[in-house]
Amino acid sequence: MAEEPGVGIPSRAERKASEKAKILQRESERNIFKLVGRVLKKPEDERTEEEAAILLLHRDTVDEHCKRQVRRNVLKRKQEEVFDDADELKNKVRQLAVAVKQANHLVVYTGAGISTAASIPDYRGPNGVWTQLQKGRTVSSSDLSKAKPTLTHMCIRMLHKQNMVKHVVSQNCDGLHLRSGLPRNALSELHGNMFIEVCTFCSPVKEYVRLFDVTERTTLHRHGTGRRCDHCGSELRDTIVHFGERGTLEQPLNWKGAAEAAKMADVILCLGSSLKVLKKYACLWCMNRPVGKRPKLYIVNLQWTPKDDLAVLKIHGKCDDVMSLLMKELNFQIPVYDRMEDPIYSLATPLRPEEVNSHTREVIAPPDGRLDCSINPGGQAEEAPAVEGGWFGRGYSKGRKKKKKTA
Ligand SMILES: [Zn+2]
């Protein structure tokens, strides 16, 4: 197999020439691509003869431009918010009500869309955190502590009380399901809860519920909150699961509860989630079962989701609108959030005196409605700082960068 020296092996000069030719070729292709793009942008009757000839000569490039345009249009359509008109919405909710009544084991999956009415921005909507951060804007932290459970949170809590909803799986970190009064064992907060810090050195893990966002100093792979465990003195950590991390904490994530619920589910109702993240958790969808044996899927979301084609029914409406119509159909009164019944106040562990200044986030307003400044070291409610660290600031943008690299 030995070749004669010099035969088949290009010299240095030849290699250089060939590299240069490749570079020139690529540059010429790029120029043609740009030129064709410019011509295509012109209305057909305004193109010169020479320009028309260019298009004829470079048919492949024209095709590539068209393909890209189609892809862009599809992407744009997927991001658009669609609203069913009033009659269609009513009709669809009627179908949903039947499914809710007939379900043996109804499980609800929720995303940021159920919290937007609580002024917590969603991620990917036109005004979402993701979109805002991408445009270089900041997101204020003051809304987060002022937020309270929405009509949707309260309706889900009520449906659970009526034994119609068996379990809730949420990707939200805003703690609003917990604050609506939903029992812990009926809830899986897959990406954590911004009000909970834990000591993982204690066994069993010791949990500290707080009345403020505990995540201001934490970020991807850095979860220490700076406060210490009363029991063993170790540093506490937040419970947030960022992009690229695997959540292993038993609570509040409660993966066991989520997996068991999915196994039992005959109907799954997805509310206000793009499902882009949830779809990756295989155990939530029972995809290993034959098509006819999978849970029936009902989706309420304004934008496209990757599960739309598998859904029995897709409802394009705001979650609060859909849920209030659903309550009417089911003949239930719409429950109202009452601060006095918010379990977070009884669950919360007060800070030790030396830790009172360990955070600058606003404390959620106490049940009697008065704001006590001594427990609110952040103070200036009017000029709340922009969210930087924590459960969606930096962690999120890191996830985004990583995604870009692999794309
Ligand atoms: Zn401890």
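This is a predicted model: local features need pLDDT of at least 70, side-chain atom pairs count only at pLDDT 80 or more; totals for chains, interfaces and linings use all residues.
Two residues count as being in contact if their C-beta atoms, placed from the backbone, lie within 7 Å. Keep that in mind for the first residue I want to show.

Start with isoleucine 334. Leaving aside neighbours up to four places away in sequence, isoleucine 334 is in contact with Leu151, Cys155, Ser324 and Met327. Take one of these, serine 324: ten residues separate it from isoleucine 334 in sequence, and the two C-alpha atoms are 6.8 Å apart in space. Where does isoleucine 334 lie? It is in the loop between H10 and helix H11, which covers 344–347. The cut-offs are 20 or more for buried and 12 or fewer for exposed.

Helix H10, residues 319–330, packs with helix H4, residues 86–102. Two packed helices are described by the angle between their axes and the distance between the axes. Here the angle is about 60 degrees and the axes are 9 Å apart. H4 is therefore oblique to H10. The crossing of H4 past H10 is right-handed. Which residues of H4 meet H10? They are Leu89, Lys90, Val93, Arg94, Leu96, Ala97 and Val100, and on the H10 side they meet Val322, Leu325, Leu326, Glu329 and Leu330.

Now the sheet. Six strands form an open sheet with parallel pairing, and the order across it is S3-S2-S1-S8-S9-S10. The edge strands are S3 and strand S10 (313–315), each of which pairs on one side only. From one strand to the next, the twist averages 15 degrees. As an example of the pairing, take strand S8, residues 267–271, and strand S9, residues 296–300: they are parallel and share five bridges. One of the residues involved is valine 267, whose bridge partner in S9 is lysine 296. Helix H7, residues 151–161, packs on the sheet, where it touches strand S1 (106–110), strand S2 (165–170) and S8. The direction of H7 makes about 145 degrees with that of S2.

Last, histidine 191. The unreviewed UniProt entry lists His191 under "active site". In the model, histidine 191 is in the loop between strand S3 (187–189) and strand S4 (196–199). Why is histidine 191 called buried? Because 22 other C-beta atoms lie within 10 Å of its own. Not counting residues up to four places away in sequence, histidine 191 touches Gln171, Cys173, Ile240, Val241 and Gly247.

S4 pairs with strand S5, residues 206–209, in the antiparallel sense over four bridges. The two strands form a hairpin with six residues between them. Within that pairing, isoleucine 196 has valine 209 of S5 as its bridge partner. S4 is also joined to strand S7, residues 235–238, by two bridges, and these strands run antiparallel. There, valine 198 has arginine 237 of S7 as its bridge partner.

How values were computed
Residues are numbered from 1 along each chain as its sequence is written. UniProt positions are given in the numbering used here, feature names are shortened, and annotations may be inferred rather than shown by experiment. Two strands pair if DSSP finds at least two bridges between them. Axes are lines fitted to C-alpha atoms, for helices over the stretch in contact, and angles run from 0 to 180 degrees between N-to-C directions. Angles under 35 degrees count as roughly parallel, over 145 as roughly antiparallel, 65 to 115 as roughly perpendicular and the rest as oblique. A crossing is left-handed if the near helix is turned anticlockwise from the far one by less than a right angle, and right-handed if clockwise.
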